[in-house]
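User: I'm new to this structure and would like to learn how to read it. Could you walk me through some features, one at a time?

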Amino acid sequence: SSHVGSRSEFQRSLCKRRRRSISPMAPIFSKVVAPLAVFAGLFVTSEAIKVEKPSHLRGGSISSIPMHTYRSDCGKKSHLSLINVPVPGTGMDPSAIKPFNEVLKDGFYEIDCVKDYVFEHGDKFGDNKFSYKLEQVSNVSIVHYSSHVAKMDRQDMTHETCFLFCRTIPDMMFFGMSNGRECYCAPYYKAEADDSSQCDAPCDGNPGAMCGGKSKSTIFAMHHCSNTVSRLKAAADSMVDLQGKMGEQMVDVKTAMEIMQGKAAAIQVKFGNAGDPGASDLLQSAKVFAGELEAAHGVASQVDVKMSELKTSAAGVTEATSAAEIGKAEDLTKEISATTLKAEDSMEEMEGLMESITKAADAAKDAEGAAKVYFSLMYFVDQKMNDFPSTCTGTAAEKPIVATIDGCARVCDGDIHECIGFSFFPFDGQQQVQEGLCFLMSKFKTATYYTGCSGQHEFNKCYAKLSKFESTSIAPKADGTCESCLKEVTKADRCFGAAAQQQQQQ
C-alpha cells in the first residue's frame, strides 16, 4: 500500500521553530551560584563582607567573609600589559578578549571548593575542547590565564595574580584555580559529583594559600565596580531573552498535548466499544503522556507570569545610589536570577518530554517511503492475514508520537537498538492517511486482527521491521520456547469505529 505524506502541519511548525538560531542564554543555570550575597556593606572600604541571614530565618548569626578590595582601580586602564603576543581564541569571540585593558571588578572572595562542570565542559578552545558541551546551552567559554599571557609575562600563581587577570575580562563573574597553578575565568560555575578530595594544592606563588586540588577547583566570586543597576538590567535582559525562547517551547508543548489528548481519547472510545483492551491501554498511555506535557506546560506558565512581573519591576529601577536603593536592586537581581534558574529547569523538563516528538519532526524531513520495509505484523503470523487491520501490545521503545506511517518508520529506523516496529492508529480512519498516533515497540506481546472491516481501516495496523522478522514466524508457540513469538493472537470477527456502527445498524 502507498503511504501519502510524510510530515504533518504540527511537525512543519516545530521544525521552523527549531531552525531558528539559538542565541546565548543567560549564563545562570541549575545549581549555579551567582555572586548576589553582596549587599550595601560592600561599598564601604573594609576587609570583610558581613553576611546576615534574611530576617524571616531564625537562629541565624552574622559572620565575616574575607574580601580583597581594590576599589581605587575601578574604571582605570590596567598597568599590566602583554609583550606583543597575539591572544589565541579562548572565548566565544576571541577578538574581543583584551586582558589587562580595563578594570571591571573591585574585589574577590573565596566561595567554594568543587569539581567544576564548567571547567570540564566549558572550555571551547583549550585542553578540554573535545569535552565542550555548552554551545547550545549558554554559548560561553572559560578563559585561561595561560592561554592569554605569554610565558615570559607569567607570574607564579597566587589568588591575586589570577584575580588581576580575570577582573579585566568582560562578563566574567568568577575565577577558579586548580592543581596549584591553573587559573581560569568563568561567567558561572556548576558543582558536579566527585570524590572526597579537598582543595589542598599550595599555590605556586604562595605556598601558604591553597589553589584548588588535582580534581577540584577553588572558586572565587568577583565583585563588580559599583554597577548595581547595569547588572540588574543585564540580568533582566537575559531573563526576557530566555522568556521568549520558553514561550515558543510552550506553544509546541501545548499543541502536542492537545493533539495527543484529543486524538487518543477519540480513538480510545472506538476500541473500547470494539472490546480491544490492549489497544485501549496503548491509547491510555498517550493520554497519560499528554497529562505529563500539560503539567510541564503549567509549571512553565507560572514561571512565565513571574518573569513578566520581574521585568516590570526591573524597568522601574533607573538608579541606585543609597544603601537602601542598592540593597533593593540587588535583591531584585537575585530574584531574577532565581526565576531564570526555574525557567531553565522548566525548559529542560519540556525538552525531555518533547524528545520523541522532536525526533518525529526531524525524521519527517526525509521519511518518504520509509515504511516500505515494514510489513503488517500479521504477515509474520500468517500471510493470509496481512491485509486485515490489527492492533498489538508490547514493550514501548519511546513515548507516543504523532506522525505519518513513513514518519513512524523513520523514527523506528533511528532507534536501531530498541525499536522493532510500531502500532499505528490513523486519525479519523482516513484511507489516504496523513498522520496518526504511533507507538514504537521494542518487543511485541499480543496481537488482535479484525476480519469484519470490509476493506476499511487498511492503515490501522501493527507494523514490524522486515529485517527483524524476515523468513520467520512469530505465531504463538504452545511450548513457549520461542522468545520473539507472540504470546497470543486474537481474531475479532467484527470492526471498530464507524464501520462497527454500520454493522450494528445492518
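Analyst: Let's start with disulfides: a disulfide is a pair of cysteine sulfur atoms within 2.5 Å. Before we count, note that this is a predicted model, where local features need pLDDT of at least 70, side-chain atom pairs count only at pLDDT 80 or more, and totals for chains, interfaces and linings use all residues. Residues are numbered from 1 along each chain as its sequence is written, and side-chain values use heavy atoms, with hydrogens and water left out.

User: How many disulfides does that rule give?

Analyst: The count is nine. One of them joins Cys-162 to Cys-183, with 2.0 Å from S to S. The torsion about their S-S bond is about 85°, so this disulfide is right-handed.

User: Which parts of the chain does the pair Cys-162 and Cys-183 tie together?

Analyst: Helices (H or I, at least four residues) and strands (E, at least two) are DSSP runs, numbered from the N terminus. Cys-162 sits in helix H4 (residues 159-166) and Cys-183 in strand S7 (residues 182-186), so the link ties parts that are 21 residues apart in sequence.

User: Are Cys-162 and Cys-183 buried or exposed?

Analyst: Buried means under 20% relative accessible area, exposed means over 50%, and partly exposed is in between (1.4 Å probe, protein chains only). Both Cys-162 and Cys-183 are buried.

User: What about the link of Cys-166 and Cys-185?

Analyst: The sulfur atoms of Cys-166 and Cys-185 are 2.0 Å apart. This link is left-handed, with -90° about the S-S bond. It connects distant parts of the chain, as Cys-166 is in helix H4 and Cys-185 in strand S7, 19 residues apart. Cys-166 is buried, at 0% relative accessibility, and Cys-185 is buried at 0% too.

User: Why is H4 described as largely enclosed by the rest of the structure?

Analyst: Because six of its eight residues are buried. Among them are His-159, Phe-163 and Phe-165.

User: Let's turn to the backbone. What is the phi of Phe-100?

Analyst: Most residues other than glycine have a negative phi. Phe-100 has a positive phi of about 60° although it is not a glycine. You'll find Phe-100 in the loop between strand S3 (68-69) and strand S4 (105-116), and it is buried, at 9% relative accessible area. Asn-179 likewise has a positive phi of about 60° without being a glycine. Asn-179 lies in the loop between strand S6 (174-178) and S7, and at 36% relative accessibility it is partly exposed.

User: Last one: which residues gather in the patch of negative charge on the surface?

Analyst: Here Lys and Arg count as positive and Asp and Glu as negative, while His and the chain ends are not counted. Patches are made of residues with over 30% relative accessible area and no salt bridge, with like charges joined within 9 Å and nonpolar side chains (Val, Leu, Ile, Met, Phe, Trp, Tyr) within 5 Å. A salt bridge is a side-chain nitrogen of Lys or Arg within 4 Å of a carboxyl oxygen of Asp or Glu. In this model, Asp-345, Glu-348, Glu-349, Glu-351 and Glu-355 gather in the negative patch. Helix H7 (residues 323-353) gives the most, with four residues. Glu-348 is placed in helix H7, and counts as exposed at 54% relative accessibility.

Methods: Accessible areas come from the Shrake-Rupley method with a 1.4 Å probe; for residues, only the protein chains shown count as cover. The place of a charge is taken as NZ of Lys, CZ of Arg, CG of Asp or CD of Glu.
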